[in-house]
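Here's a quick briefing on what holds this one together. Have the sequence and the coordinates open while you read.

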Amino acid sequence: MNRSLSGHLPLLESEAVYVLREVAAQFERPVLLFSGGKDSIVVAWLARKAFAPGPVPFPLLHIDTGHNFPETLDFRDRFASQMHCTLVVRRVQDSIDQGRVQEETGLSASRNVLQTTTLLDAIRELNLDAAVGGARRDEEKARAKERIFSHRDAFGQWDPRNQRPELWNLYNGRRNPGEHFRVFPLSNWTELDIWQYIDAEDIPLPTLYFAHRREVVARAGVLLARTDHIRLQPDDSVSVRTVRFRTVGDATCTGAVESGAATVADIIRETAAARLAERGGRADDQRSDTAMEDRKRQGYF
Amino acid sequence: MDLLRFTTAGSVDDGKSTLIGRLLFDTKSIFEDQLEAVAGASRRLGEDRINLALLTDGLRAEREQKITIDVAYRYFATPRRKFIIADTPGHEQYTRNMITGASTADLAVVLVDATRGVLTQSRRHAFITSLLGIPHMVVAINKMDLVGYAQSVFDDIVRDFGLFAAKLTVKDITYIPISALEGDNVVDPSSRMPWYQGGPLLSRLETVTGNARRNTIDFRFPVQCVIRPNQDFRGFAGTPVSGSVSAGDDIVVLPSGLATRIKTIDTPNGATTRATSGEAVILTTTDEIDIARGDMIVRRKNLPTVARQLDAYLCWMDGTDLAVGRPYLLAHTTRRVQAVVTGIDYRVNVDTLHRDPAKTLAMNEIGRVEITAADSICFDSYRLNSATGSFVLIDPATNATVAAGMLRGEAQEDVVVAAPDSGSPSTAKVSAGVTWQDWNIPREVREAQQGHQAAVVWLTGMSGAGKTTIARAIERRLFAEGRRTMLLDGDQIRHGLCGDLGFSAADRAENIRRTGEVARLFFEQGAIVLCAFVSPYAVDRSRARGLMPEGRFVEVFVRADLETLRSRDPKGLYARASEGQLDQFTGVSAPYEEPSSPELTIDTRVTSADAAAELVIAHLRELGVIGHQRG
């Protein structure tokens, strides 16, 4: 337990370390899903601590939509080498080229849904039996019901009505060939916990998280970064504003917030006072009330 | 720790989700956009105000049926505390989810609908709260707005609930009248119930002692994995689930029993000198001994029970009923062993708490069972230590988690013995195990002081085979080495302790039972106990074996053929038996069941008593009971 951490953070850290060690003990070919976002950075950070002085016993896997912010990719490569982790990248573009998926068309076209196929193909190709992710239960209603060790059938699907009971700290990772688990060591963390931990541990983050000047497109109440991946519409208003991102995902659907928070301490103050949910800027979640559940059932992150 | 985990339970429509929505809403834990989404969903469902339950009912099926079907975890914080809520469903078919949510909770909020009173489900939830050892319970009597905020309704429910709760083990119960819908006594005190003097629910949640379940005394460290980055470092990663340990402490690795000392303690944030429960650490030891996942590191002077025969409460959680006699996988701490439920003592009727006979347990049923595991597990009773007293069963065919278990202790083994009067077999409960904590000075401490371990050497064979002669030779050698010893033989025991017994099968069984118990007492005192008994029945010998931990009972078959025995016949017994003067004489007029797998077999036609004694002593050294001969 980190004695420099205060309040309940030492408990959360120890719990996450325990879960990561269970992954190493119960699975043969686990991988850590790494997006370059703060949650997966924290998971990788915890994994480094969980196994020190040994190496992290699993590689990082990035599913690249091809629509990433360049800052994220730079950060990803640097961070992986700092953590002495092997980095494996699989690309949605390859899935499109191979005819595995079809690019969405239309105004709100996104590669977000397409990632699921690329991810499941990678799990099959690499014969993975566990994929550790940074998802938290406070993010979204469907995630609030997910187990820490979450079973996926041979088609990668989640069956929310038939989850294995998870009692005490006894995690059941038994599976048949072809099945795998998603494991979520940060299940009990909230967005504020993550930021406080990043602050206490001085964890490096992509610059996107901090306030910067950027050209943005205001569309349906969401501010999207102006990138090559966005097709401008006649009634889009484009302007340069001081913004930051609360999540770092696909550039086509990750909304920015106007903010002057330039340091982690600023962000903690802002998060504590926030009146909008973290994923509120995620256009992908707003497709319907149960958009997340529907995607998760099919094997989404 | 400013973290409280609590669970909520109630019947369908008692208003749990609304209560949680209210807690989140009134503590300003809901974001504006989430609230807007819920407001929109409420309008689409045709409701005239915001349905707070929609904040927590996450899954599509739940929103359609307006019920909660799975455990949902919710988080909120006040300036005083962070809270983790396990929101669990109330319908009977999903009781397993309540057990899941309750397994980690410090407090349970049990909802009772004021318009309906204490229902079967309320009782079930209270019972589960008690069974899972949740230290605090709050009974939230909800929908007070629908009964005109009447004190009489509240008082009646408190009385009904109290009558049932008196049979439970939860000591701390608080009753609070609330209206989740209107917000009375949830976060803010209600002005509509002036007759209620207590505080609102939130102030109870903020002030109750958290983490009361954790056992701070008994150090238990289940090994998760071994960290070995190079030749110079071999660490054992894990989290002490109870108690604490310091560098330099004497420890024992179970179930192997190997002893060593803590060398270093590393945390994710650097080296330290002491690890307490809940802290993920890596331990190293001063000696290179074999330690692997599934082992438990404990203090040498504070040991858990190590046993294969288990007595437990079992909550069945699967659609396929429990199959008695079928192997399951038992997951306990980081250890996985095969296990068979050998019997169901009773099923608990959770409405009346009556004990009903049962042949199986179906989904959501709770029973007291006996389990035999293929390998020993190291545990404490759930009541004393929930971390080492809990387990789950996994169906090896489906990999599903099918049951949750709470250990009570070591099983009382059913042994069939003949009743002395009728001669017909009856079932007696006989303690099959050694509960080390029961002894004022634990055997391990005595062993450490005297420098060798305790053991029982059981010599069996027909009369005149040479058992006592060999036993005496062994004891003299051990005594000369400075070992603590005791010798028990048939003549001695039958003259005193068993003077009331004859030679019928039943009396022989009782004779050996008493001998086994006496041997165990000397064993617990640290002695190497030499028992020389004909003990003709395999079942009697195996029961004596069951009293000692594995590896500490050495069965020695002292063999000689009947012809040799007749020619020796030191007491003239064979001659008298052949003449029909002795009834039930083993080998002549009563059976002798040869041991099927004794630790040692000694044929006294070819092996002298001294050579036999050397063989036994060599075997004791091999087991580690005694070390090399003292110079």
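A:Arg246 and A:Glu191 are both buried in this predicted model, and they pair up in a salt bridge whose closest N and O atoms sit 2.8 Å apart. A:Arg246 is in the loop between strands S9 (237-245) and S10 (255-258) of chain A, while A:Glu191 is in helix H6 (residues 191-201) of chain A, so the bridge ties together parts that are 55 residues apart in sequence.

- Chain A has another one to look at: A:Glu258 bridges to A:Arg241, with 3.1 Å between the closest N and O atoms.
- Here A:Glu258 belongs to strand S10 of chain A and A:Arg241 to strand S9 of chain A, so the link joins parts 17 residues apart in sequence.
- A:Arg241 counts as partly exposed because its relative accessible area is 23%.
- Over in chain B, the side chains of B:Arg368 and B:Asp311 form a salt bridge at 2.7 Å, N to O.
- B:Arg368 is in strand S20 (residues 366-379) of chain B and B:Asp311 in strand S16 (residues 305-316) of chain B, so this pair ties together parts 57 residues apart in sequence.
- Both B:Arg368 and B:Asp311 are buried.
- Chain B also has a salt-bridge network, which links B:Arg443, B:Glu444, B:Glu447, B:Glu524 and B:Arg552.
- Over all chains, the salt bridge count comes to 53.

**Where chain B meets chain A**

- On the chain B side, 83 residues are in contact with 61 residues of chain A.
- The two chains bury about 5900 Å² between them, and 53% of that is on carbon and sulfur atoms.
- Polar contacts across this interface come to 23 residue pairs, counting those with both residues at pLDDT 80 or more.
- How many salt bridges cross the interface of chain B and chain A? There are 3 by the rule used.
- B:Arg293 and A:Glu22 meet through their side chains in a salt bridge, at 2.9 Å from N to O.

- Chain B has a mean pLDDT of 86, with 91% of its residues at 70 or more.

Technical notes
Residues numbered from 1 in each chain as written. Chains lettered and ligands numbered in written order. Heavy atoms only, no water. pLDDT = per-residue confidence, 0-100. Contact = heavy atoms within 4.5 Å. Buried area = accessible area lost by both parts, 1.4 Å probe. Salt bridge = Lys/Arg side-chain N within 4 Å of Asp/Glu carboxyl O. Polar contact = N/O pair within 3.5 Å; in protein donor to acceptor, adjacent residues only side chain to side chain. Helix = DSSP H or I, 4+ residues; strand = E, 2+ residues; numbered from the N terminus. Buried < 20%, exposed > 50% of the residue type's maximum accessible area, 1.4 Å probe, protein only.
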